[in-house]
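Let's take a walk through this chain together.

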Amino acid sequence: MNIKMPLKLLYEGKVKLLLPDRAILGEEAEKAVFYNPFMSFSRDLSICVLKAYANVTGKKGLRVAEPLTASGVRGIRYAKEVDEVDEVVLSDVNPVAVRIARINALLNKVHEKVVVKLSNANSLLSRYDAKGKRFDFVDIDPFGSPAPYVDSAIRSTILGGVIALTATDMPPLCGVYPRVALRRYGGLSLKTEYCHELAVRLVLGLLCRETGKYELSIKPLIAHSTRHYIRVFVQLTPSKEGSENIGLIYHCRNCLHRRIVKLEDLASTKSLCEKCCSPMEAAGPLWIGPIFDKTFCEEVARVASSLDLLNKKELKKILKLITSEADGPPTFYTVDALSHKYKLRQPKIQELVEKLRSQGFHASPTHFNPKGFRFSGDVEDIVKLLAR
Ligand SMILES: C[S@@+](CC[C@H](N)C(=O)[O-])C[C@H]1O[C@@H](n2cnc3c(N)ncnc32)[C@H](O)[C@@H]1O
Ligand SMILES: [Zn+2]
């Protein structure tokens, strides 16, 4: 393998990586092979998810695909750090990335488990879409939107297997360009204090509709929003009832009330807010069902505590928040938006959550926003409580 560019060696946890030396190559290195050290958090969490999946299913001999691999770091880590993984198939359209990923697989002594192909992600996955060839875990980690790869990811994943998707196209998903979200994800985004949760729900909505074509559905296992991206992990299920979880989320900018409506009940819903009679705005169609499986999230948290990972502290913190919000209702409030709207004092989240719980409500902080909380009552209930 002959690579005519200056290379450097670095580590992500215990994984050695040979990469084009950016200091020498300048901008060219970015184009040559992508590697973002900040995404080690996403990779750490994904390792925990795959291990948790192996633990809860008792499966061994797992087969994994990561068809947009760049340096190979993600797939190599699956091969090296998850004992239950037997085979990892990686690909990239960039020939330099493919060569670098092959070298990295050799460097980490996982070359017998890891295959790296020069291929477009969709072509690669399509080669594995027949029964008996499909993967247990397909990880789509692209630049921007995962939407172009969703269909082939579904076709190449076994029933009961897991699809992981990253989306970094946050302006469309968070309501800056709602029509772009409609085009890519089949639903309108909406700029609100909980827009990152809506982003997760739009991606899940797309997955649900695309699996529906094959008489399948999804069970969301865990999702997170971190820095500039969101990530979802879903299990493929045989259910034909997925469309029950598709709907719209209405938002009132005047009083902050929200209404969640199943798509099939849309004809009977009003466009005015039932609390203050102002016109409401809508996000969707999107996924209105649960976005976390609490038991699974608890297992991921247990795995994270047991491993020696680079981002252990941050992981434990986020997984604690995710576990606490997993059973909460859709959408969350923020003390910022409430205090601003109702001219109220800003309480500490933990104090507010405890107060709400003591009154019999479900309440929890959320990992989506340090000033956010999920709450089973109405906006009026919080306002009354904060006004005291
Ligand atoms: C965000 S990077 C992947 C990062 C990697 N997953 C990680 O964890 O470090 C996206 C990669 O996808 C590759 N790519 C872009 N379009 C592709 C396609 N259609 N099929 C396969 N690879 C593609 C790019 O060359 C780039 O290396
Ligand atoms: Zn209202």
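## A helix across a sheet

"Lies across" rests on contacts, and two residues are in contact if their C-beta atoms, placed from the backbone, lie within 7 Å. Angles run from 0 to 180 degrees between N-to-C directions, using axes that are lines fitted to C-alpha atoms, for helices over the stretch in contact. Helices (H or I, at least four residues) and strands (E, at least two) are DSSP runs, numbered from the N terminus.

Before going on, some ground rules. This is a predicted model: local features need pLDDT of at least 70, side-chain atom pairs count only at pLDDT 80 or more, and totals for chains, interfaces and linings use all residues. Residues are numbered from 1 along each chain as its sequence is written, while chains are lettered from A and ligands numbered from 1 in the order in which they are written.

Two strands pair if DSSP finds at least two bridges between them; strand S10 (residues 246–251) and S11 have five, in the antiparallel sense. You can find Gly 247 opposite Lys 262 in S11.

Now for another sheet. Seven strands form this open one, in the order S5-S4-S3-S6-S7-S9-S8, and its pairing is mixed. Its edge strands are S5 (114–118) and S8 (217–226), each pairing on one side only. Neighbouring strands in this sheet are turned by 15 degrees against each other on average, direction ignored. Helix H5 (residues 95–107) packs on the sheet, touching strand S4 (85–92) and S5, and the direction of H5 makes about 170 degrees with that of S5. Elsewhere in the sheet, strand S7 (residues 157–167) runs antiparallel to strand S9 (residues 229–237), and six bridges join them. Ile 163 stands opposite Val 234 in S9.

| Strand pair | Bridges | Sense |
|---|---|---|
| S10 and S11 | five | antiparallel |
| S7 and S9 | six | antiparallel |

What about helix against helix? Helix H3 (residues 40–57) and helix H11 (residues 294–306) pack at about 115 degrees, with their axes 8 Å apart. At their contact, residues including Cys 48 and Val 49 in H3 meet residues in H11, among them Phe 296 and Glu 299.

Finally, zoom out. The chain has 15 helices and 15 strands. An automatic or database domain assignment sets the domain bounds, giving domain 1 (7–244 + 292–321) and domain 2 (333–388). Their C-alpha centres lie 33 Å apart. Eight residues of domain 1 are in contact with seven of domain 2. On the domain 1 side, H10 (195–212), S8 and helix H12 (312–325) each supply at least two residues.

How big is the chain overall? Its C-alpha atoms fill a box of roughly 70 × 40 × 40 Å, taken along the principal axes.
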